[in-house]
Amino acid sequence: MDVSVIIVNYNTRKITVNCIDSIFAQTSGLEFEVILVDNASTDGSKEWFEKDDRITYIYSKKNLGFGCANNLGYAHCTGKYIFCLNSDTILLNNALLLFLNKMENLPAEVGCLGTLLLNRQRQVMHSYGQFPTLLGNIKWRLGKTCEWKDPKWMQADDTRFFEVGYVTGADLFIRRSVIESCGFFDPDFFLYFEETEMQWRFQNRGYKVYVYADPQIVHLEGGSAPKHTPVMKTLRSLQRIVNSERLYFKKTHSMLFYYTVVLPYTAANFLWLVGKTFVAGGLKHIRK
């Protein structure tokens, strides 16, 4: 098997169907399989996908989160390469073959590839970044930086293939040998920062991560999220983001740094985000 595609579904039946259909419509010239892991969906996904004989369907009785669901899918994979693909994506060309051919002609130290993802308007969107730092995150929270648009990442001689810190989890094309050497997703993460921490481990072992822009993939970012989110759900989501960020710094920095810097920052960051959420909610109410 050349490529194993792992997709995680959580109550996103309609967009997941479109994603899978685009894979089979666009892919040729290689041997591939699609592994769909369902995180206890209740939207009719189970009844729908267990009848699709094109895929291997795995139903989890509880929501495992993104990383652990991918780990479950990996246990059923046979491909030389593993392609983690978000359910809210659409392939516009033979992306799997392009990734495969590129990887086959790259040195083994290149462990992971991603592409320049496109939004609904076919414009390049957030696809990669530097590894998080506390200062960088503070600037980002304040809207001062947008690291993935930083021209220093776009090499002057080739903007179609360039090295980055990490690529987003929406499209991760990884050598199986790298996973066997470094491990897959850390099960301590439920959602957010899990792909960043994983690629940090890859690079700590000497592997490199690149963006290869020839594969064309649309990412309908937010397609799996509710359109109108109550404040309490928003706060729970913020808490999850902040906790995952804290966990990332705990796993990638010294314990001294964690206890003296990260924990105070985490508390302040969460309070700031909560305040910002309530202010935004209040302004929305006033406008109505």
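Met255, Tyr259 and Leu263 make up a nonpolar surface patch with about 280 Å² of accessible area together. Patches join residues with over 30% relative accessible area and no salt bridge, like charges within 9 Å and nonpolar side chains (Val, Leu, Ile, Met, Phe, Trp, Tyr) within 5 Å; a salt bridge puts a side-chain nitrogen of Lys or Arg within 4 Å of a carboxyl oxygen of Asp or Glu. The model is predicted: local features need pLDDT of at least 70 and side-chain atom pairs pLDDT 80 or more, while totals for chains, interfaces and linings use all residues. Residues are numbered from 1 along each chain as its sequence is written, and side-chain values use heavy atoms, without hydrogens and water.

**Surface**
- Met255 lies in helix 9 (residues 255–287) and is partly exposed, at 40% relative accessibility.
- The accessible surface of the protein (Shrake-Rupley, 1.4 Å probe, for residues only the protein chains shown as cover) is about 14200 Å², with 55% belonging to carbon and sulfur atoms.

**Fold**
- The protein has 9 helices and 12 strands, taken as DSSP runs (H or I, at least four residues; E, at least two) numbered from the N terminus.
- Of its 288 residues, 49% are buried (under 20% relative accessible area; exposed is over 50%, partly exposed in between; 1.4 Å probe, protein chains only).
- Among contacts (heavy atoms within 4.5 Å) between residues at least 6 apart in sequence, 77% join residues at least 24 apart.

**Cysteines**
- The whole structure has 0 disulfides, meaning pairs of cysteine sulfur atoms within 2.5 Å.
- Cys84 is in no disulfide, and the nearest cysteine sulfur, that of Cys77, is 8.1 Å away.
- Cys84 is buried at 0% relative accessible area, and Cys19 is buried at 0% relative accessibility.
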